[in-house]
Amino acid sequence: MAEQKIFGYADKISVKQGESITFHVNADGADFAEAQLVQLVHGDNHKDGPGYIEREIDHSANGRWAVKKQFTQLGNFIPIDDPKGRLKLLGSLSMFAFIWPTMPGKGKRQTIMGRWDSVTNEGFALGINPEGYLEFWVGNGSEVDYVTAELPLVAKVWYLIGVSFDHQTGEATLYQEGVLNRYNSLIGPVVPYDYSSHVRTTFRFRQRNAENTPFVIGGARDNHVMRGDFINDLYAGKIDRPGVAARCMARAELDSIRAGDAPSANDLTAYWDTSAGYTENGITSLVVDVGPNRLDGVGVNHPVRGMTGWNWSGRNDSFRMAPREYGGIEFHSDAVTDCRWDATKSIQIPSDLKSGAYAVRLRIGLGKGLSEEYIVFFVRPSKPSAKLCFLVPTATYLAYGNESLSFDAQIIQPMTGQPPVVTDIDIETYEHGEFGLSTYNEFEDGAGICFSSYKRPLINMRPKYRMSSMNITWAFPADLSIIAWIDHQGYDCDFVTDEDLHQEGLDAIRQYNCLVTGTHPEYVSEQMLNAQEDFVAGGGRIIYAGGNGYYWCVGFTPEDHACMEVRKLDSGMRAWQAKPGEHYLTSTGEKSGLWRNRGRAPQKLLGVGMISEGFETAAPYRKMPDAYHRTVSWITEGVAGEIIGDAGLAYGAAAGIELDRYDLQLGTPPHTKIIASSGGHSDNYVLVTEEILYAHAGMVGSIDYRIRADMTYYTSWNDGAVFSTGSIGFGQALPANDFANSASKILKNVVDAFIKDGPLPGAQWTLEEKQWR
């Protein structure tokens with residue numbers, strides 16, 4: 001019997017009551033799956049909590065769904081829209097491009113560009129052979145002729161490469177010249193390499209062009225009996241300003257292009273100016289042909305724009321300042337931002353379905369492990385009515401989607417202080433790669449992954465999942481602990497996602513009195529940050545129930561908000577670092593990296609910001625003197641003694657995993673009260689890198705006083721306020737002892753106060769103090 005596996009995703013992550021949502025499902029070893037709409041309440045099976053909780057929902061879509069095997073197109077490439085067959089060149093031709101290959105000797109053929117069919121061996125293409133040599137080949141359907149350069153390509157060095165093919169004589173001339181300068185390549189001009197190769201040979205026969213073969217930049221057409229046509233022989237590296245001419249170009253012409261001149265318009269079929277189209281607000285995936293035929297192309301799986309090109313001078317660090325130096329488009333053979341599976345089923349969300357976290361649960365065979373799938377989505381009210389809103393940190397879910405740190409990050413075990421606990425689902429995701437990886441991973445060639453989308457299965461955005469490197473719930477499954485607490489307390493609560501907030505701004509949340517975050521709202525766009533800042537200044541209240549929040553600046557691609565972009569820059573706790581000059585988001589045009597480094601440290605809104613991380617232990621909070629101040633003593637009312645949060649599902653206490661600290665030097669509002677603080681953390685807790693100017697011994701939890709979680713509170717204009725817990729572990733502490741614990745009590749005190757109209761508790765004392773002054 002074939003192994004049974006089922007995976008899926010939805011076309012939306014947020015859907016309003018009464019709207020439709022479409023599911024895309026892939027199944028191995030089964031033709032049918034049992035589907036059940038469920039409300040997700042609690043996602044952790046930890047022995048100290050309430051266990052896993054879901055509620056089955058009656059719906060006409062429940063029951064048997066027809067499912068099938070589906071295939072994912074991996075890799076970046078640009079298919080050219082050529083309805084008139086302008087690139088179906090039957091006579092003489094030339095092709096040229098600047099390239100920066102990252103894995104020239106990877107052992108597989110890579111197609112830089114061409115109109116090539118790998119199954120029938122028809123067409124023509126310019127590429128790299130498995131041994132790492134530049135090569136041009138033509139095929140007539142039965143035989144292939146090729147010409148190969150004399151010298152192998154050097155990784156991460158810029159070249160101008162080209163070919164001229166005389167159809168009449170059969171003469172094919174290959175052109176390869178290095179164009180590295182002091183800045184644009186991995187190595188500099190002092191290295192005595194010879195990059196030049198000029199080879200000429202006579203082919204025995206000419207190209208034959210099949211009618212429907214596409215011209216592709218970055219790959220070639222292939223076919224499989226089950227999946228049909230797809231793109232293979234994918235290229236890894238950058239391509240800058242490729243072009244095609246319907247004639248033989250002389251070496252002098254290619255030398256002129258190498259010097260920076262535009263190609264001659266004489267018989268120019270296409271010239272894709274990859275530096276064109278940049279604006280203050282970024283660039284799309286459209287690659288513009290400035291030649292006579294306007295043969296534009298749209299990148300598949302988001303080839304990375306905004307990358308330095310062959311002529312980058314090192315003087316300007318953004319495509320906004322020098323777009324002509326940013327023609328580099330980076331391709332990766334293992335990229336995926338949209339699986340493009342056929343739709344399996346569309347359903348309409350009932351107009352009376354309660355706002356919350358939901359999933360379609362799919363089961364085949366035994367219905368567990370790889371035979372069970374939860375396709376998660378969030379139901380938003382068609383018309384808001386609650387006072388309380390849970391802001392679902394879906395940007396964080398995308399950032400961590402399908403992370404594989406336990407397999408690829410050598411530092412993960414010493415960082416987390418424990419060996420990974422790997423499941424069959426973790427292994428399946430890692431081994432097959434069709435679902436893509438997270439922004440904490442690197443591509444095969446070592447470049448950091450900057451795009452992530454929910455149009456693919458997100459294995460760790462499902463209930464019950466535990467992060468293998470830490471053996472705790474993380475992101476969505478951890479946030480279900482807060483969701484379960486809201487459910488247990490009986491609050492009427494609406495759900496709004498990061499995507500909603502990004503698209504609608506303040507309008508998405510202005511009608512609520514209180515906004516509660518998830519455990520780890522780490523990734524925030526400018527629109528999201530602005531909206532929450534305006535919300536508080538306008539009288540709204542925020543409960544920041546997490547840690548390491550509002551940290552990275554992100555954007556969402558303008559063509560499709562399902563895809564998020566982030567660049568990891570020169571500071572912050574990061575899994576990779578963007579290359580020099582490549583720090584700006586192509587989705588928005590703004591600089592990425594830490595919000596702190598753009599003058600908007602989290603402390604300015606939340607009162608606290610990231611200070612440390614550690615993963616094998618947690619600690620409780622201890623009340624600070626401010627807790628007894630008459631303006632805020634209501635927050636800890638009912639909590640006897642000094643200790644808060646001495647139980648929890650993440651390492652046994654409420655202050656742990658990642659910690660945030662009060663810091664006036666980074667913008668904590670001066671009147672902020674510190675309600676409680678943790679301390680005495682283990683030496684697995686280390687100081688974040690953005691705090692370090694000069695490394696020295698002692699920057700660890702048992703020594704450095706800064707390493708702590710601060711629980712803070714401050715008031716704003718119009719009765720606005722912010723309460724912050726400063727710890728990822730706080731949310732997972734709420735379900736302990738059947739929700740009867742000190743962390744739960746404090747959160748209830750704050751929520752009860754924040755959802756009420758009018759002044760907050762303690763406001764009378766604040767007014768008296770103002771009058772006294």
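I take a nonpolar core to be a set of buried Ala, Val, Leu, Ile, Met, Phe, Trp, Tyr and Cys residues joined through side-chain atoms within 4.5 Å, where buried means under 20% relative accessible area, exposed over 50% and partly exposed in between (1.4 Å probe, protein chains only).

The model is predicted, with local features needing pLDDT of at least 70 and side-chain atom pairs counting only at pLDDT 80 or more, while totals for chains, interfaces and linings use all residues. Residues are numbered from 1 along each chain as its sequence is written, and side-chain values use heavy atoms, with hydrogens and water left out.

I looked up the largest nonpolar core and found 118 residues, of which L40, W474, Y523, I543, Y713 and F754 touch the most other members. For F754 I listed contacts (heavy atoms within 4.5 Å), leaving out residues up to four places away in sequence, and the partners include R541, I543, W634, Y713 and L760. A second, separate core holds 41 residues, among them I128, L153, Y159 and A172.

Next I turned to W158, which lies in the loop between β12 (144-152) and β13 (159-165), strands being DSSP runs of E of at least two residues, numbered from the N terminus. W158 is buried, at a relative accessible area of 0%.

Lastly I checked V422, which counts as partly exposed because its relative accessibility is 37%.

Note on methods
Helix = DSSP H or I, 4+ residues; strand = E, 2+ residues; numbered from the N terminus.
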